[in-house]
Amino acid sequence: MRIFLRVVLLIATFIFVYSLIWNIIAAFKTNTEIMESPWSIPEVLNFSNFTRAFVESSMGEFILNSFFVTGLSMCLLLLLVVPTSYALSRFDFKGRKLLHNIYMGGLFIQPVYIMIPLFLMMNNFHMLDNRFWLSLVYAAGALPFSIYLLTGFMRSIPREYEESSYIDGSSYFRTLISIILPLARPGILTVIIFNFFTFWNEYALALVLISSDEKKTIPVGLANLMEVQKFATDWAALFAGLVLVLLPTITLYALTQKKLTEGLSMGGLKG
Amino acid sequence: MNRKSRTAFILLCIVPTLFIFSVFIVYPVTQVFYKSLFSSSGFGGGETFIGLENFKELFTDEVFLQSLKNTGFLMLVVPAIILFLSLIFASILSFGNLREKHLYRMIFFFPSILSFVVIGILWTFIYHPNMGIINEVLKWMGMNQFAVAWLGSKDTVLWAIALVMVWQAVGYYMVMYLAGMDGVPRELYEAASIDGANVVQQFFKITIPILWEIIRITIIFSINGVLNISFVLVLVMTAGGPNNASQVALTYMYKQAFVNANFGYAMAIAVIVFTVSIILSLISNRLTERESY
């Protein structure tokens, strides 16, 4: 029985990782080797694929843009999400429930639904083709899920810490910065990890809100490259480009996968 | 501390966030519904109120009906397969007593953190008629007649895309179920097996009922998740082809808006997709309602 289970799991593992391993191997092959067979191993390691991806397809630029947009979105998100989650989880005020419900309803809004009105509105206010506004849209879109995670976490922090801080005469603001922020670090970290993948991978909004090549993020750049290669057929450079995008993802996943899967089950269980 | 500073602090915490959220999320959502009642073409061009004309036209639009059918197919088939497979994998990992459990969990979860664009490109090559692995394996097994252009034929393209969506999401839901299963007291199973219940009976009589609330939520999650990923995969892998056989409602919406500048018409499509996904969620919620265990 154990053997049978292991065989099933190994086949599944092959299906899950095959495409990734094949991609990494193909990134070092020549174009002819890629066309010949999906099994073969490259004769020599062609690092020139990576040079071509960087120089001719401006992958380097796309990656920098992606890092910039991801980083900026994250800063904006944290500025917006931490105070609101604190207020929602700790203070009882009029409209608290309504506010909470508005954000939870937002969980059902997919970015694809609103990309047209967003595009039209931002066109009117000349906010298109601008990485700052794109980042702010990302941060706004990430609010419902982040508020959901963080309010849940903050409710589990014991109140005594804040109360003694108030008795010491600290203001609400000071208490938030010096008491709550350090205590909520694990929750904030979960928010950062989840949203890193969301921001780094986002495609639909970046596609319509950014138009000039030098401002595009990596998913849009790759999709364009894919279109170009259908005619130019420099597959090797495309695969090298894919590897470059995967590197930050895989690194972060290797470092955080335990936290990620724990955070998921934490959120999932509470529903 | 006094009331005034408390109120000031709360307002400072919630108002800026609510303002940004209202401008970039809530307002566009209301616009989708409002603008779907207008005929608007092009930028700053004339907008005329036409009531429900867009919707009437949509239901005579062959391409739209085809795309709605495809979306519906994916919203029913993909969550069902995901649910089935992820429950099986989660039970194997939870009850298999395998030492390498955490390794498998890490590997199976991996596709769900990849960019949809990357997934779309990789699978385009896996399905490639000449250099793809699938046809290579079929030829190796001597089944040349089955080696077709998976994304190029209208009979296979939708299933091919559905398979990618399953591949992407199975690990994600598996992790959710796994956490629940690991929390079930093992004594329940011991008692059941003493009473003569086999593994399958234990699965349906103990595991499923205990996980029921998580399952209900994940069904709704996966129905809604289908919309987003199908949009990107179709755009990258087939652009809706061949001959609209893989067109989904949201890619058709995108085309109407950004290729034909038919914004009002496109937003009517968004309204219908939104309504369909809400209705499906409600139906699934209703069907899975049970007396508490």
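These legends walk through several close-up views of a predicted two-chain model.

Residues are numbered from 1 along each chain as its sequence is written, while chains are lettered from A and ligands numbered from 1 in the order in which they are written. Because the model is predicted, local features need pLDDT of at least 70 and side-chain atom pairs count only at pLDDT 80 or more, whereas totals for chains, interfaces and linings use all residues.

Figure 1. Let's begin with the overall picture. Chain A has 13 helices and zero strands, where helices (H or I, at least four residues) and strands (E, at least two) are DSSP runs numbered from the N terminus. Chain B has eleven helices and two strands, and its pattern along the sequence is α-β-β-α-α-α-α-α-α-α-α-α-α. Along the principal axes, the C-alpha atoms of chain A fill a box of roughly 75 × 60 × 30 Å, and those of chain B a box of roughly 80 × 75 × 35 Å. A residue is buried if 20 or more other C-beta atoms lie within 10 Å of its own, exposed if 12 or fewer, and partly exposed in between, with C-beta atoms placed from the backbone. By that rule, 39% of the 271 residues of chain A are buried, and 43% of the 293 residues of chain B. As for confidence, the complex has an ipTM of 0.89 and a pTM of 0.90 from the predictor. Chain B has a mean pLDDT of 89, with 97% of its residues at 70 or more; pLDDT is the predictor's confidence in each residue, from 0 to 100.

**Figure 2. Where chain B meets chain A.** Two residues are in contact if their C-beta atoms, placed from the backbone, lie within 7 Å. On this basis, 65 residues of chain B are in contact with 64 residues of chain A.

**Figure 3. Ser19(A) and its contacts in chain B.** Look for Ser19(A) in helix α1 (residues 2-26) of chain A. Ser19(A) is buried because 21 other C-beta atoms lie within 10 Å. Leaving aside neighbours within four places in sequence, Ser19(A) is in contact with Leu122(B), Trp123(B) and Ile126(B).

**Figure 4. The largest nonpolar core, seen around Ile161(B).** A nonpolar core is a set of buried Ala, Val, Leu, Ile, Met, Phe, Trp, Tyr and Cys residues joined through C-beta atoms within 7 Å. The largest one has 154 residues, and those touching the most other members are Ile161(B), Met165(B), Val232(B), Leu233(B), Ile269(B) and Ala270(B). Helix α7 (residues 157-182) of chain B gives the most to this core, with 19 residues. Beyond its neighbours within four places in sequence, Ile161(B) is in contact with Ser230(B), Leu233(B), Val234(B), Met237(B) and Ser246(B).

**Figure 5. Helix α10 of chain B and its surroundings.** Helix α10 (residues 249-258) of chain B is mostly covered, with eight of its ten residues buried. Among them are Tyr252(B), Met253(B) and Tyr254(B). The buried residues of α10(B) pack against α6 (111-124) of chain A, together with α3 (62-95), α9 (199-237) and α11 (263-287) of chain B.

**Figure 6. Helix α3 of chain B, end to end.** Here is a quick check of helix geometry. At 1.5 Å a residue, the 34 residues of α3(B) should span 50 Å, and this agrees with the 49 Å between its end C-alpha atoms; the expected span is 1.5 Å times one less than the number of residues. After α3(B) comes Asn97(B), with a positive phi near 55°.

**Figure 7. Backbone details in the loops.** In the loop between α9 and α10 of chain B lies Pro242(B), and the peptide bond from Gly241(B) to Pro242(B) is cis, with omega near -10°. Ala239(B) also lies in the loop between α9 and α10 of chain B, and its phi is positive, near 55°. Ala239(B) counts as partly exposed because it has 13 C-beta neighbours inside 10 Å. In chain A, Ser58(A) sits in the loop between α3 (48-55) and α4 (59-90), with a positive phi near 45°. Ser58(A) has 18 C-beta neighbours inside 10 Å, so it counts as partly exposed.
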